[in-house]
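Please walk through this structure with me, one question at a time.

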Amino acid sequence: MAVIPMKKMTLFALKRDRKALLEFLQRRGVIEVTDVPLSDDLFYKSDSSRQLAHFDRCQNAVRQALELLDHYAPEKKSMFSSLQGKPELSLAEYDEQVLTHEEAISAARRMVVLSRSMAEAKAEQARLENQAAALNPWLSLDLPMRFRGTKLTTAFIGTVPEALSLETLLSFLAEEALDAAVHAEILSTTPDQTCIFVLCMKPQSGAVENALRAHGFSLPASPTKVSPAEAAQEYRQRIQELDAQIEKSEQEIVSFAAMRPRIEFLADYYAMRREKYQVIDKLSQSKNVFVLEGYLPEPAESQIERDLVPFCAAVE
């Protein structure tokens, strides 16, 4: 590989030409800009951290939007498309894309919002599915799980950490809550847990509760305000609503497929904008002029000097 000699260049130009001149040099892509030390108090350095952070956010939105389009509206490409590279734009086409870039970045941001909304909806669905599954042992209960009795009665709805039959339940209640008239139901049983419903008269509630507590009775962690079957139906209905919401969001993302080329342009556009502001931070500037230093290939020196003639600039 040939080694090309490099030359240091110092450029002095008017501040009013900075934007056009930097964009011109950026398009040429032959100068490696270096940091210019401040020579005296007349000069200062820019701080573009706010702009750079903005470009980073935009680039992140563009990247996420393109990933979403690849997932929900994949582009049909030939097996050799990866070898073709990106299509070149004329300066007029570039300027046209820049003029409408706000619409494209708005579309990218909208897709990111939709993606976040879908993720939240799916997380909500998982939570609701878990809650519905947790109600399965209680579906035979036709009362709210928060039911605590009537004016004259006390209800105990909960679990004991063992497999119990109705006969066993009634037996230990009779032994430990003497003379207590109770109504008991086994709602469901597993090897490790039994869900029960017990109803007794209020004067006997203390003795019944003590008997139940002695066998590890505990209240449900998330008791429902309606019957478990009704609550499970509400959860299923909400899951279906979220399904529709997710589908609608997916369709909206697909509707942006035609904007893919414009969003792809933004990936390069914001990278260029970021690079430009990084260069600005390296300049030494005063109220009316700026100084740029860097290195360029020696063969390009004369051409760059000729190209800079239209600008009010001096080159060393």
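This is a predicted model: local features need pLDDT of at least 70, side-chain atom pairs count only at pLDDT 80 or more; totals for chains, interfaces and linings use all residues.

Student: How many bridges pair strand 1 with strand 7?

Tutor: Helices (H or I, at least four residues) and strands (E, at least two) are DSSP runs numbered from the N terminus, and two strands pair if DSSP finds at least two bridges between them. Strand 1 covers residues 6-14 and strand 7 covers residues 289-297, and one of the bridges sets Ala13 against Phe290. The two strands pair in the antiparallel sense, and the number of bridges is nine.

Student: Which residue in strand 7 stands opposite Glu32?

Tutor: Strand 2, residues 32-34, runs antiparallel to strand 7 and is joined to it by three bridges. Within strand 7, the residue opposite Glu32 is Tyr295.

Student: How many residues lie between strand 6 and strand 7 in their hairpin?

Tutor: Strand 6, residues 284-285, is joined to strand 7 by two bridges, and the two run antiparallel. Gln285 stands opposite Phe290 in strand 7. In the hairpin that these strands form, the number of residues between them is three.

Student: Why is the pair of Phe55 and Tyr270 called tilted?

Tutor: The structure holds six aromatic pairs, where rings of Phe, Tyr and Trp (its six-membered ring) pair if their centres lie within 6.5 Å, and planes under 30 degrees apart count as stacked, over 60 as edge-to-face and the rest as tilted. The ring centres of Phe55 and Tyr270 are 6.2 Å apart, and the pair is tilted because their planes stand at 40°.

Student: How far apart in sequence are the parts that Phe55 and Tyr270 tie together?

Tutor: Phe55 is buried, with a relative accessible area of 3%, where buried means under 20%, exposed over 50% and partly exposed in between (1.4 Å probe, protein chains only). Tyr270 is buried as well, with a relative accessible area of 3%. Since Phe55 lies in helix 2 (residues 49-72) and Tyr270 in helix 8 (residues 260-282), the pair ties together parts whose separation in sequence is 215 residues.

Student: Is the pair of Phe156 and Phe217 stacked or edge-to-face?

Tutor: Both Phe156 and Phe217 are buried. Their ring centres lie 6.3 Å apart and their planes are at 85°, so the pair is edge-to-face.

Student: Is Pro137 buried or partly exposed?

Tutor: Pro137 sits in the loop between helix 4 (101-134) and strand 3. Not counting residues up to four places away in sequence, Pro137 touches Leu187, Ser188 and Cys195, where contact means heavy atoms within 4.5 Å. With a relative accessible area of 24%, Pro137 is partly exposed.

Student: What is the relative accessible area of Ser227?

Tutor: Ser227 is found in the loop between helix 6 and helix 7. Leaving aside neighbours within four places in sequence, Ser227 is in contact with Leu141, Asp142, Leu143 and Pro144. Ser227 is buried, and its relative accessible area is 8%.

Student: Which element gives the most residues to the lining of the second largest pocket?

Tutor: On a 1 Å grid over the protein atoms alone, a cavity is a set of points where a 1.4 Å probe fits but cannot get out, a pocket is an open set with protein on both sides within 12 Å along at least five of seven lines, and lining residues have an atom within 4 Å of a point. The second largest pocket is lined by 14 residues, and Gln26, Ile31, Val33, Glu275 and Val279 lie nearest its centre. Helix 1 (18-28), strand 2 and helix 8 each give two or more residues to this lining. The element that gives the most, with five residues, is helix 8.

Student: How much space lies in the largest cavity?

Tutor: A search of the whole structure finds one cavity of 30 Å³ or more. Among the residues that line the largest cavity are Lys7, Met9, Leu296 and Glu301. Grid points are joined across faces, edges and corners, and a volume is the space filled by probe spheres set on the points; for the largest cavity this is about 60 Å³.

Conventions
Residues are numbered from 1 along each chain as its sequence is written. Side-chain values use heavy atoms; hydrogens and water are left out.
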